[in-house]
Structure formats: C-alpha cells, structure tokens
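User: Hi! Could you help me look through the charged side chains in this one?
Analyst: Happy to, let's take a look together.
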Amino acid sequence: GTNGWNCWPDDPNTPHASPECDEEGWQAFWNVATPEKKPDLQSVGLAIMLQGGTEASTTQFDVAKPPPGLDWIFNPEHIMLVVPGDLSPADFSTDPHSGLPYIMWEGSTMEHLMVPVNLSAFDEPDPKIRSAMSAAPLAVAKDATILDYPAEPGGEPPVLRQGTNGWTCYPDWPASPANDPECNDAPFEAWFRALMAGAPQPPALTRPGFAYMLQGGADPSNTDPMAAEPPAGEDWVISPPHVMLIVPEGFASSSFTTDPDSGEPFVMWQGTPYEHLMVPVADKE
C-alpha cells in the first residue's frame with residue numbers, strides 16, 4: 001500500500017470475523033509494547049474494526065483463549081485508540097458490555113480505548129429527540145441529555161430531555177444541508193459549547209473527549225471553526241458518519257491528513273484551538 005495504513009484479514013484463532021486496519025501510530029505502539037514496557041507515545045494511535053471482533057479477556061492481553069468456564073468477549077463494530085499518558089477508570093468505563101467507550105486491558109502496558117460505532121434500533125415518538133438519539137449507539141443515546149439548539153446565538157440550549165449518563169445529544173442542525181445530529185461526552189460538550197458561543201479558546205482538556213455523528217454532517221469550512229457559511233463559490237464540507245476526538249496533546253501533522261475528501265481519518269481545523277480528529281466509520285455515498 002501507499003497510505004501508511006496496514007490492514008489484516010480475519011484472525012482465524014477467534015470465533016468472529018475480526019479484520020483490522022491500523023494507522024502508523026497504532027502499528028508502532030503494537031510493535032513495541034511488551035508486558036513490562038509501554039511505548040513512549042507522542043501522539044494518538046488509531047485502529048479500525050468495522051466488522052467487530054472478539055477477545056479472550058478484557059484484563060489480560062497475552063492469553064490465547066478464555067479462562068475455563070468463560071466465553072469469548074464479543075465487541076461490535078468499533079475504533080481503538082491509544083493516547084499519551086494513562087487512561088483512568090474514573091473517566092471511562094472498563095465494562096465491555098456497557099455499550100459505552102471503555103478501557104481495554106486497563107492498567108496494563110497495552111491499555112487502549114474501545115469506541116463502539118454501531119447504531120441500534122430505538123422507538124422514540126418525539127422527532128427532535130429521535131433525531132438526536134440517531135447520532136450515537138443506543139447505549140449512549142438512551143440515557144443522554146437531549147438539548148435543542150438555542151433560538152438566538154449565544155442563548156441557552158433548551159432541554160428536551162434530562163439524562164443521567166453524562167452525555168449530551170443534539171438533533172439535526174437546521175442551518176446545514178446535511179442530517180447532522182451529534183452526541184458529546186462531557187469534555188467534548190464543554191468544547192462544543194465554547195465553539196457555539198464563539199469563544200476564542202475552548203476549555204483546557206485533562207483527558208480525551210469524544211463525540212458521535214453517526215448520521216454524518218456538514219461544516220461551512222474545514223479550516224475556520226468560526227465560519228457561519230462556506231466562502232463564496234465553495235460548498236459545505238460534507239462528512240460521512242464519523243466519530244470526533246479531542247486530546248490534550250493535539251494531533252501530530254505527520255500522523256493524519258487534513259483532507260476531508262480523503263476518506264481517511266483527518267484533522268479538522270488544524271492549527272486552531274478547535275482542531276479535532278474526524279474518524280469516518282462509513283464511506284460517503
């Protein structure tokens with residue numbers, strides 16, 4: 001290949017189809033890590049498993065089969081992330097069955113984040129709440145707070161439904177030409193609120209933040225976070241279904257493209273205080 005990614009077919013030693021594609025940072029991490037030593041990461045590493053997969057254990061990475069009496073652990077479609085520094089169970093679940101982003105092999109030298117990207121069916125009569133819930137996996141959306149966009153710029157978003165899991169979802173943004181509901185975890189929601197308010201800087205990050213846009217979306221610009229509409233003669237930047245990531249360390253320009261039409265994970269608004277990583281989980285139609 002020519003783009004720096006490595007892809008692998010199904011692992012025949014597991015009971016579920018598990019092909020995988022790894023970007024260079026993830027591949028370097030996986031090649032160097034040992035049970036005794038975690039690589040000194042300088043930036044994010046990313047892998048994609050859009051057929052899902054299975055693990056023998058969520059606590060031990062060096063076992064080939066589940067312990068006696070236990071089953072393989074199935075993970076639906078997901079992306080995987082390694083980040084500089086340690087991951088905290090205070091910030092992310094360690095339960096592989098929660099349906100939420102969780103830490104795999106927590107506390108080990110091979111710990112990483114598993115981020116499910118599968119949509120599930122749901123039944124919700126309110127059209128705005130239904131729209132907002134369609135942005136994320138059901139495990140995230142079903143207990144999230146649902147907000148609407150404020151009637152006036154800078155206004156307080158109306159609460160359509162109070163949630164309990166720390167996530168916040170919004171329905172389709174009516175100003176854009178795409179169907180683009182969004183669900184944000186707590187760090188990303190603070191970032192998003194600052195962006196909506198036109199703040200020159202988002203709040204400082206202490207851990208990674210995630211957002212789901214599993215219906216895709218549209219932005220006026222991929223270089224200017226404050227643009228309200230595309231420059232004269234240009235179109236909206238249309239994105240397929242994706243996950244967004246923000247990290248305290250930012251993103252190395254050598255690791256990811258900035259081209260939104262590449263089909264690869266790319267850095268949006270690179271070099272601005274609001275830069276973030278867009279990880280497609282489906283092709284553009």
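User: Which helix holds both Arg-193 and Glu-189, and how many residues apart are they?
Analyst: Both sit in helix H4, four residues apart, or about one turn of the helix. Keep in mind that this is a predicted model. The two form a salt bridge, with the closest N and O atoms 2.8 Å apart.
User: Nice. Is Glu-189 buried or exposed?
Analyst: Glu-189 is buried, because its relative accessible area is 9%, and the cut-off for buried is under 20%. Arg-193 has 29%, so Arg-193 is partly exposed.
User: What about Arg-193 and Glu-156, how far apart are their closest N and O atoms?
Analyst: Those atoms are 3.6 Å apart, and this pair is a salt bridge too. It links distant parts of the chain: Glu-156 lies in the loop between E9 and E10, 37 residues from Arg-193 in helix H4. Glu-156 counts as exposed, at 61% relative accessibility.
User: Changing topic: which residue does Asp-148 form a salt bridge with?
Analyst: Its partner is Lys-128, and the closest N and O atoms are 2.5 Å apart. Asp-148 is in the loop between strands E9 and E10, while Lys-128 belongs to helix H2, 20 residues away.
User: And how accessible is Asp-148?
Analyst: Asp-148 is at 13% relative accessibility, so it counts as buried. Lys-128, at 41%, counts as partly exposed.
User: Last one: how many salt bridges does the count come to?
Analyst: The count comes to six. There is also a network of salt bridges that links Asp-91, Asp-185 and Arg-207.

Note on methods
Residues numbered from 1 in each chain as written. Predicted model: local features only at pLDDT ≥ 70, side-chain atom pairs only at ≥ 80, totals over all residues. Heavy atoms only, no water. Salt bridge = Lys/Arg side-chain N within 4 Å of Asp/Glu carboxyl O. Helix = DSSP H or I, 4+ residues; strand = E, 2+ residues; numbered from the N terminus. Buried < 20%, exposed > 50% of the residue type's maximum accessible area, 1.4 Å probe, protein only.
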